[in-house]
Amino acid sequence: MKPRKNTKRVPSFRKLLRTSKIKLDNKLKNKQYKQQSAAKKYRKEQKKLRQAVRDAVCKKPFPLEDYKKKHVAEKQEEEEEDEALPLDMMDEDDLKLMEDLARKASFLTRDISSNEPVHIKKRKHDSVIEKYEKIPRRINTEPEKELIHLLPIKDKRGIIPQTIEKPVPDDSEDEEDTEEMEEAEDFTEEPPPVLTPEEMAAQRKIKLQERKMHIAALASAILSDPENNIKKLKELRAMLMEQDPNVAVIVRKLVMVSLMEVFKDIVPSYKIRPLTETEKATKVKKETQKLREFEEGLVSQYKFYLENLEQTIKDWKQRKLKKSNVVSLKAYKGLAEVAVKCLCELLVALPHFNFHNNIIVLIVPLMNDTSKTISELCCEAIKKLFKQDKLGFASLGVVKVISGLVKGRNYNVRPEVLKVFLHLRIKEVELKKDSEDIAPKKKFMTFKEKRKNLSRMQRKWKKAEEKLERELLEAEASESKEKKLKLHTETLNIVFLTYFRILKRAQKSPLLPAVLEGLAKFAHLINVEFFDDLLIVLHSLIASDDLSYRESLHCILSAFQILSGQGDVLNIDPMKFYTHLYKTLFSLHAGGTNNDIGIVLQCLDVMLAKRRKQVSQQRALAFMKRLSTLALHVLPNSGIGILATNRILMQTFPKMDLLLDNESQGSGVYLPELDEPEHCNAQNTALWELHLLQRHYHPTVQKFAAHLAAGAPAEGSGALSLDLSRRPATELFEAYSMRGMTFNPPVPSVTPRRKDTFSHVDSFLNEELTEQLQQHMSKTVSHKTLDFAKHLRESSLS
């Protein structure tokens, strides 16, 4: 029989290297396991040793108090003798002798100090209670003797516990000892040195510098290697409980801000979800396990940090003082403000991370706080979040909480809470359109075209390519846009629900201006079904005369925003709104209502320029005349905005140059005080205000007035420059604002005229008046009356 051929191949060099590396790793692991098992075994032995000591101490009977002092003295002498001869110091022969004696008499069941024979030990233990009862009762004047447990001795037989009685001093000795102790305390305990204010400030400065260096070291270590130094987050967070009253407030504030900056830097750009039980049980790579541990630690520390901030705010709101009294009650407000700042920063910087909804629930009620500082901080943070939220998910969460807050407080909130809605990034909402209209269209080849132009392999590749392209298009366009529109629609529905509740139930609430302002901004996005009811409500509000000037302007702007969007299809005549605006234009002046000119300019743009086909010539002439009169008594920036609106009207509507001529057109006289723009006969007047405005102290007002007086030409000598002609009226109003109490451009100062000086003052005085003045100056007063009509009588006689 042929020998069996050896088919085992010789391992390659790479395999040998890999094998050796595996062996080395196994050896290292075995060594580590051995060390761990040895350490574990040592710990078990130590645990058993401690348990044995405890058991022996518990089992040893507590010695009954002897009633003869002689027995106590003998027992102490015998114990001292036993302690003087430890077993480990004996020779082997002595130890053997002791073991033989131990077999005959058990040391574990018999008291060593007893002189009684061994054979009566059992009987003694049986009657120990009876013997104790036979002892005469004595008043417990002597203090109870306590046992002090010493280190046990271990030999071949086991562990032998060692104890000693605590000596009780006599009364006479006690008094002497107490006096000596008091003297010693007086001698040893020196009072702490009294520090001057300068020394205390220097000591506080040193402590504060040490804490700052420690905070900086921990923060830099975490930022340099977050995965390996994640445990230092706990150490840094522990400094939020600083107990030194001299530096506690500043250190806690610094730690709050430092942790906030650290989290902003090390938090990943995705939300960390908790692992399922299956994922925890699955074996993963070391790198994956390390990443999981880092994420778990990060989320837990972030949660604890937010809880600390929340507790700081709650302590301040409830005016609670901690038992330690490290931080005073006045300092809690500063700590709470820093905590709110940190929460606001995290709300804006980490909208994608865990616990963002919890931060929203904490921040939104603080927008209505009585403290103006905290309220402004929270409102500004919400505004920033709205401005930077492109998708709309975070905005939806905030709007839901604000709506619930307004309803829960029965509309008794600050108007600033609702004004944050104006900063929502909502320009379009989901309408009833097909998904094909929303999704971007891409033309793909038909089956016949593929069959004609491509081979079989090319058709196969083309099919896979088109499938991939469709998936990409759905992912980046259809899905994202539909999701965005859906979020925006849901957000705007909640906003309008809040607005309509206030319009229906709380029309006299201070929230009404904010509601009307919000409706003016988002009115073009309202569903057509609500237009009729909403216009009726707005008109009833204007007719009630309960609104301020600004609120009525917002009502007018809201109504025309509705009619300029989807409301074009509605057959509604807004003549009442035109009449109201025309009537209230003269309520504007250069004082408090000057800021409302911006809203007026928006209303005029929507009512006249954008609806020029629905506006009659009489109405346009009446508005132009009244606006020119208004420009005479407002600030320069308001005058520029009004004249820019007149320029648009002159270029938009035909025959507006009638107002540049003195000749009257048709019958009637101009009635400037009539509140009906259609019946005031504005065609029979002229824009004489332009001649006064050409002498205005502001150069830009002069340019606009001269331009309008020339008929508002688009080119030529009377045309405006490009920077003035291409900018809308609202933008010009803001550009030439007077908020800084400065003119833009600066107005040149006028040098006063030099007055003539006269040397002879007395030449203008009457001789009699001069004589009386001299008499008064020389203190010789005569009561001669002055006759001022003397010269008149003489001239009439002559």
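Me: Why is Thr-700 called buried?

Reply: Buried means under 20% relative accessible area, exposed over 50%, and partly exposed in between, using a 1.4 Å probe on protein chains only. Thr-700 has 5% relative accessibility, so Thr-700 counts as buried. Before we go on, please note that this is a predicted model, where local features need pLDDT of at least 70, side-chain atom pairs count only at pLDDT 80 or more, and totals for chains, interfaces and linings use all residues. Residues are numbered from 1 along each chain as its sequence is written, and side-chain values use heavy atoms, with hydrogens and water left out.

Me: Which residues is Thr-700 in contact with, leaving aside its neighbours within four places in sequence?

Reply: Contact means heavy atoms within 4.5 Å. By that rule, Thr-700 touches Ile-640, Leu-724, Tyr-736, Asn-744 and Pro-745, leaving aside neighbours within four places in sequence. Thr-700 itself sits in helix H28, residues 699–709; helices (H or I, at least four residues) and strands (E, at least two) are DSSP runs, numbered from the N terminus.

Me: What do the buried residues of helix H13 pack against?

Reply: They pack against helices H11 (286–317), H12 (331–349), H14 (372–388) and H15 (393–408). Among the buried residues of H13 (residues 356–366) are His-356, Ile-359 and Ile-363.

Me: How confident is the predictor in the protein chain, by average pLDDT?

Reply: pLDDT is the predictor's confidence in each residue, from 0 to 100. The chain averages 76, and 71% of the residues score at least 70. Over residues 64–68 the pLDDT is below 50, and this stretch has eight contacts in the model beyond near neighbours in sequence. Residues 432–442 also fall below 50, with ten such contacts beyond near neighbours in sequence. Where pLDDT is low, the predicted coordinates should not be read in detail.
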